[in-house]
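Keep the sequence and the structure in view while you work.

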Amino acid sequence: MGMKEMTKTKVYVGPLLELPERVGKTVQLEKDKEVAVFKLSNGTVKAVENKCPHKGGVLSEGIVSGEHVFCPMHDWKICLEDGKVQAPDFGCVKKYETLIEEGDVFLLI
């Protein structure tokens, strides 16, 4: 490993039961940084930067299908597993780790 492990900050998102399935929730990190949080139909929670790499579309307002979100602006398809934009488009968004503890959802930043 070599590199010392960086301590991650836990950011509270909300109760898991209150996260609507397949509907994005916006979490404000800093004044210019937002994260889109999604509860997928399989119960897992994924989080990515809330901005499409194409024209900055708000991903939390996109349509979720399986493990992908479609940007509401130009329908770019982005994988919530790895943050990669699907072909024929290209690019990626920053992915964030999520943690579920005692029924509460957190981002690990």
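## Exercise 1: The three-stranded sheet

Three strands make up an open sheet, in the order S5-S6-S7, with antiparallel pairing. Strand S5 (63-65) and S7 are the edge strands, each pairing on one side only. From one strand to the next, the twist averages 30 degrees.

Before going on, here is some background. This is a predicted model, in which local features need pLDDT of at least 70 and side-chain atom pairs count only at pLDDT 80 or more, while totals for chains, interfaces and linings use all residues. Residues are numbered from 1 along each chain as its sequence is written, and side-chain values use heavy atoms, with hydrogens and water left out.

Strands (E, at least two residues) are DSSP runs numbered from the N terminus, as are helices (H or I, at least four). Two strands pair if DSSP finds at least two bridges between them.

**Task.** Find how many bridges join S5 and strand S6 (residues 68-70), and find the residue opposite Ile-63.

**Solution.** 
1. S5 and S6 pair over three bridges, in the antiparallel sense.
2. Opposite Ile-63 you will find Phe-70 in S6.

## Exercise 2: The six-stranded sheet

**Task.** Work out the strand order of the six-stranded open sheet, then follow its pairings.

**Solution.** 
1. The order is S1-S9-S8-S4-S3-S2, and the pairing is antiparallel.
2. Strand S1 (10-15) and strand S2 (25-30) are at the edges with a single partner strand each, so one side of each has no neighbour in the sheet.
3. The twist in this sheet averages 30 degrees from one strand to the next.
4. Start at S1, which five bridges join to S9 in an antiparallel pairing. Here Val-11 stands opposite Leu-107 in S9.
5. Move on to S8, which five bridges join to strand S9 (residues 104-108), again antiparallel. Thr-98 has Leu-107 of S9 as its bridge partner, and Ile-100 has Val-105.
6. S8 and S9 form a hairpin with two residues between them, and Glu-102 in the turn has a positive phi of about 50 degrees.
7. Now take strand S4 (residues 45-49), joined by two bridges to strand S8 (residues 95-101), and running antiparallel to that strand. Ala-47 stands opposite Tyr-96, and Val-48 opposite Lys-95.

**Solution.** Use the cut-offs: buried means under 20% relative accessible area, exposed over 50%, and partly exposed in between (1.4 Å probe, protein chains only). Four of the five residues of S9 are buried, so S9 is largely enclosed by the rest of the structure.

## Exercise 3: A recorded domain

**Task.** Which residues does UniProt give for the feature "domain: Rieske"?

**Solution.** 
1. The unreviewed UniProt entry places this feature at residues 11-107. UniProt positions are given in the numbering used here, feature names are shortened, and annotations may be inferred rather than shown by experiment.
2. In the model, the end C-alpha atoms of residues 11-107 are 5 Å apart, and the span is 0% helix and 44% strand.

Definitions and conventions: Axes are lines fitted to C-alpha atoms, for helices over the stretch in contact, and angles run from 0 to 180 degrees between N-to-C directions.
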